[in-house]
Each structure stands twice: as structure tokens, then as C-alpha cells.
Amino acid sequence: MGSVSSIRFICIYLLFSNVYCFSTQRITPSSIASPTTCRAPSRSGSSLEMSLTADHPKSSPASDDMKNEKESAKLSAFRQQLERTLRRSSENDSKQKQKRRQTQTQSESPVMKVESLQEYKTIVAEERNKITVVRFYATWCKACRAIKPKFYQLARMHPEISFVEVPVTEQNADLHQGLGIPTLPFGHIYHPDAGLVEEMKIGKANFGTFAKTMSWYADGFCELNGVGDCSNPLTEKKSDVTKIGLV
């Protein structure tokens, strides 16, 4: 009886061992032929690791270098595009600033431009508050262009005086002829009480004399060689007229 029980125990053990092998390993002829060689599957050979390896194969050093080169090329192209964009933006900003400066300079110009007879009457002939200095010129005249900076500088130095420039054009040629302008550049000085008081050439050689003459009217006195200073007779006449009550 003891030997029979031992045999039964051995058979039951072998049966359960085969069932365990079938449940944990694929059935192959070798496993059926030798059931005692059944082993538990290792973790390194699991299906999960195999699937991960198949989906994400290990990259070689050569492929890594190619990826790095591509990324470097993309980064270099992006930097070049950014530099071009910044350069164009800077150029546009500088152009806009230059335009604003030109517009501001034109709007703040100390010299008014008159191009018609009606404007000349309104701005020059009918002025009763300021001394008016006029420059007659032509755009094609080299001498006119040479004294333009000095004329504008004189205007900035005397904001209390009205400075006007009249260019020669086809539309206002009769204006220059009517005023008897003999040559260019030519200058007029108008006093609010007496009208036209001075007219002279204002070329490069004569501009100093013109500026000095204008300052005499602005200051209200003039220098006479061998005599000294004398007051402006126009101012005295105005004060006398005021005293007797005619104004």
C-alpha cells in the first residue's frame, strides 16, 4: 500500500507539473517529449520588451550625427532669417525717423515760401507788425544755393523778423518783373511803417552787408561813418504822431 500511494503521489505531481508547463510556455514537441525541462520565462525575453524594441529600434551613431547636422542647419537658417528680419526692421525705422526729421524741419522752417502775387501781398506788403526780409532766388542758380544756409541761419538768429523767400517759376515770373528784380539772388527789406526800405544784391560777396543793414532796422539805429549813432527816424515820427493824438 505504501508503494502504491507513493506511485500515485508521483503521478499527481507529474500531472500538475505538465499543466504548469503548458500554462506558462508555448507547446512544442520538445516540451511535450521532456516535460521536466520546463522553465519559467525570463523577463528579458518577455513579449513587452520585444514589442518595445521593435517599435523603437536603437539608433546608430551615424544616424545621430545626421540628426544633429539637420538640427544645426535648421537653427542656422532660423538665425539668418531672424537677422534679415531685424535688419529690415532697423532700416525701416531709420527711414521713418529720417522722414519725421525732414517733416519736422519743414514744419519748423524759419523761412516762409511765397509763390504767387496774392501771397506776396498778404504776407509781405500788408505786414504791419514785423520787419520783413525777402530773398528772391531760382532753383537753378548756384549763387542762390550758396547763400541759402546763411539766409536760414540769419532767420534763426532773428525770430522777431519775418523771413520770406520767393522762387522764380513760370507761374510767378510777372511778380519778379513787376518788382523790378534785376538779378539773382536779390534781397528786399520791408519796414512795417515805411514799406520797402532796402533792396540790394545778396550774393556771397554782398551778404554780410545785407545782414548788417537788416540788423540796423531790427535794432532801431544805424551807424554813420564820422557821425556816430542816430536813432531810427521812423520810430521818432511814429512817437510824434502818437503824442499829438492823430493815431
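This is a predicted model: local features need pLDDT of at least 70, side-chain atom pairs count only at pLDDT 80 or more; totals for chains, interfaces and linings use all residues.
Leaving aside neighbours within four places in sequence, Ala155 is in contact with Pro110, Val111 and Phe163, contact meaning heavy atoms within 4.5 Å. Residues are numbered from 1 along each chain as its sequence is written, and side-chain values use heavy atoms, with hydrogens and water left out.

To stay with Ala155: this residue is found in helix H6. Helices (H or I, at least four residues) and strands (E, at least two) are DSSP runs, numbered from the N terminus. Ala155 has a relative accessible area of 3% and is therefore buried; buried means under 20% relative accessible area, exposed over 50%, and partly exposed in between, with a 1.4 Å probe and protein chains only. Pro110 lies 45 residues away along the chain, yet the C-alpha atoms of Ala155 and Pro110 are separated by 5.9 Å.

I turn now to the aromatic rings. A search of the whole structure finds four aromatic pairs. Rings of Phe, Tyr and Trp (its six-membered ring) pair if their centres lie within 6.5 Å; planes under 30 degrees apart count as stacked, over 60 as edge-to-face and the rest as tilted. Phe151 and Phe163 form an edge-to-face pair, at 5.5 Å centre to centre and 80 degrees between the planes. Phe151 lies in helix H6 (residues 142-157) and Phe163 in strand E3 (residues 162-167), so this pair ties together parts that are twelve residues apart in sequence. Phe151 and Phe163 are both buried.

The rings of Phe207 and Phe210 have centres 6.1 Å apart and planes at 45 degrees, so that pair is tilted. Phe207 and Phe210 are three residues apart in helix H8 (residues 207-219), and are thus separated by about one helical turn. Both Phe207 and Phe210 are buried.

Finally, Leu82: its place is in helix H4 (residues 61-107). Leu82 is partly exposed, with a relative accessible area of 41%.
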